[in-house]
2 protein chains.
Amino acid sequence: LLLAYEKSGYDNEVQGRLPDLLPHLSAQRIRENGGDAVKILLYFTPHDTDEVNDIKKAWLQRLGDECKGADIPLFLEPISYDPNGMDEKGTEFAKLKPQIVIDSMREFSDPKYGVDILKVEFPVNMKFVEGYAEGETVYSRQDAIDYLKEAASVAGLPFIYLTAGVSNKTFTNSLELAAEAGTPYSGVLAGRATWLDGVKIYATGGNDAFREGLSTQGVENIQAINGRLDSAQPWFKRYGVNSAEELLQQGQPVAAG
Amino acid sequence: LLLAYEKSGYDNEVQGRLPDLLPHLSAQRIRENGGDAVKILLYFTPHDTDEVNDIKKAWLQRLGDECKGADIPLFLEPISYDPNGMDEKGTEFAKLKPQIVIDSMREFSDPKYGVDILKVEFPVNMKFVEGYAEGETVYSRQDAIDYLKEAASVAGLPFIYLTAGVSNKTFTNSLELAAEAGTPYSGVLAGRATWLDGVKIYATGGNDAFREGLSTQGVENIQAINGRLDSAQPWFKRYGVNSAEELLQQGQPVAAG
């Protein structure tokens, strides 16, 4: 069970989409509530001010050390944005996105942040990839593959892809590209890409239709994703071992006696 | 070197004197800046709302785990207050203060907060102690001694007394009482009780007079305090050992080999 520790959204009145924690939570309490790991979403772009980014980096150091002290893993979800309000669904941002995702993955792989797993965006906007785009393209298929490879190469940690609420079709297309790029990702965290259609079904058809939708289309969606995890690998493979136990034996001092 | 991690003061617009950290700092950065320990001031009283106190407790858990993760000691300075704006220098508050200090010392001795040293208020207001008071008294001398003993008895951690900016005379009187009570405190953190008079001297006599004042009255102030530390004992005595090294050997698993 992965529990969120941060407040959703951000304060539009303040520059930089600064993060904030839920005031009644701590890593200790997340553990007590049954959480197996802490999840933190952090809006991040190298294009924001040094002031803003320095605050975010200090904030993440705090969290990393807190999770270390509380002995609970930290999943970090860096989300790209534009500090000047550019439309993040448009072609202009699509051109900037790969480098933002790459820089974030490099930055937060630094051990000083204490992150265990990076939950990352796909570095390209699939809407604008040649072969998948319905209109304008921003990237050739090869561009997209190169960005995927570069992002994977700077990740010093196990990483998983998030869906960002795209459709199941778009997400499985993404995974097709990831397989072609051969990125060593450790799986996906897919929510809306599996059940989002269900919302519309529930609104028009009610509860029974909703259940029916989840057990047919919903299951198909999950199977479609599972069928595309060709190049995914267990997270501990990133550390060159074959099990979590093996890593534990290597990484921790064993009590004398 | 002890470095403060919190913003000074509090937001009067918000209930509860909620704490906030300096945005560019982390325990890691305090270490990098040469800090040997993190100091946190937290306004606390059991008389504030459950909502407020729950937030403060979660916040302190975070800090305790962060300092643990960053491997730096945490000094906590709980400061009593009244949530309804009662004058904290008056007799009414003086009646409430002992229990507030005692409750805070008990609460924050809980290992879940990860505090290493409690930096605490004297549990009575010396202005109102029989034998020291110039006007009205709130406590007999025996009352004061009993409160000192009770506060010490609930402290599960080494603790030191802060001066709260009282005069040197008042502070040495406090230490006289502490000695009589025989509390096992681990020393004092005295700032203003040593140099505060110097400010007036500087304002009227300038730099030379200020230096002269510090090297005469200032030194006498420090000597007066040092001369009163009768019952103080090294912090590691609280753990039943005779040195920090001994505690380290007991408390930490030794690497195999």
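1. Lys57(A) and Glu107(A) form a salt bridge, with their closest N and O atoms 3.8 Å apart; the term denotes a side-chain nitrogen of Lys or Arg within 4 Å of a carboxyl oxygen of Asp or Glu. Because Lys57(A) belongs to helix 2 of chain A and Glu107(A) to helix 3 of chain A, the pair ties together parts that are 50 residues apart in sequence. Helices are DSSP runs of H or I with at least four residues, strands are runs of E with at least two, and both are numbered from the N terminus. Lys57(A) is partly exposed at 23% relative accessibility, and Glu107(A) is partly exposed at 21%. Here buried means under 20% relative accessible area, exposed means over 50%, and partly exposed lies in between (1.4 Å probe, protein chains only).

2. On provenance, this is a predicted model in which local features need pLDDT of at least 70 and side-chain atom pairs count only at pLDDT 80 or more, whereas totals for chains, interfaces and linings use all residues. Residues are numbered from 1 along each chain as its sequence is written, chains are lettered from A and ligands numbered from 1 in the order in which they are written, and side-chain values use heavy atoms, with hydrogens and water left out.

3. Within helix 3 of chain A, Asp103(A) and Arg106(A) are three residues apart, so about one helical turn separates them. They form a salt bridge whose closest N and O atoms are 3.1 Å apart. Asp103(A) is partly exposed, with a relative accessible area of 22%, and Arg106(A) is partly exposed at 42%.

4. In chain B, a salt bridge joins the side chains of Lys39(B) and Glu6(B) at 2.9 Å, N to O. This pair links distant parts of the chain, 33 residues apart: Lys39(B) is in strand 2 (residues 37-43), and Glu6(B) is in the loop between strand 1 (2-4) and helix 1 (27-32). Both residues are buried. In chain A, a network of salt bridges links Glu6(A), Lys39(A), Glu77(A) and Lys119(A). Over all chains, the count comes to 24 salt bridges.

5. Helix 2 of chain A (residues 50-70) has 21 residues and reaches 30 Å from its first C-alpha to its last, close to the 30 Å expected at 1.5 Å a residue; the expected span is 1.5 Å times one less than the number of residues. This helix is mostly covered, with 16 of its 21 residues buried. Asp71(A) follows helix 2 and has a positive phi, near 55°.

6. Asn84(A) lies in the loop between strand 3 (74-79) and helix 3 (91-107) of chain A. At 71% relative accessibility, Asn84(A) is exposed. Ala94(A) is ten residues from Asn84(A) in sequence and 15 Å from it in space, C-alpha to C-alpha.

7. Glu130(A), Asp143(A), Asp146(A) and Glu150(A) form a negative surface patch. Patches are made of residues with over 30% relative accessible area and no salt bridge, joining like charges within 9 Å and nonpolar side chains (Val, Leu, Ile, Met, Phe, Trp, Tyr) within 5 Å. Asp146(A) is in helix 4 (residues 141-154) of chain A and is partly exposed at 38%.

8. Trp195(A), Leu196(A), Val199(A) and Leu214(A) make a nonpolar surface patch of about 330 Å². Val199(A) is in helix 6 (residues 192-226) of chain A and is partly exposed at 46%.

How values were computed: Areas by Shrake-Rupley, 256 points an atom, 1.4 Å probe, with all protein chains shown as cover. Lys, Arg positive; Asp, Glu negative; His and termini not counted. Charge placed at Lys NZ, Arg CZ, Asp CG, Glu CD.
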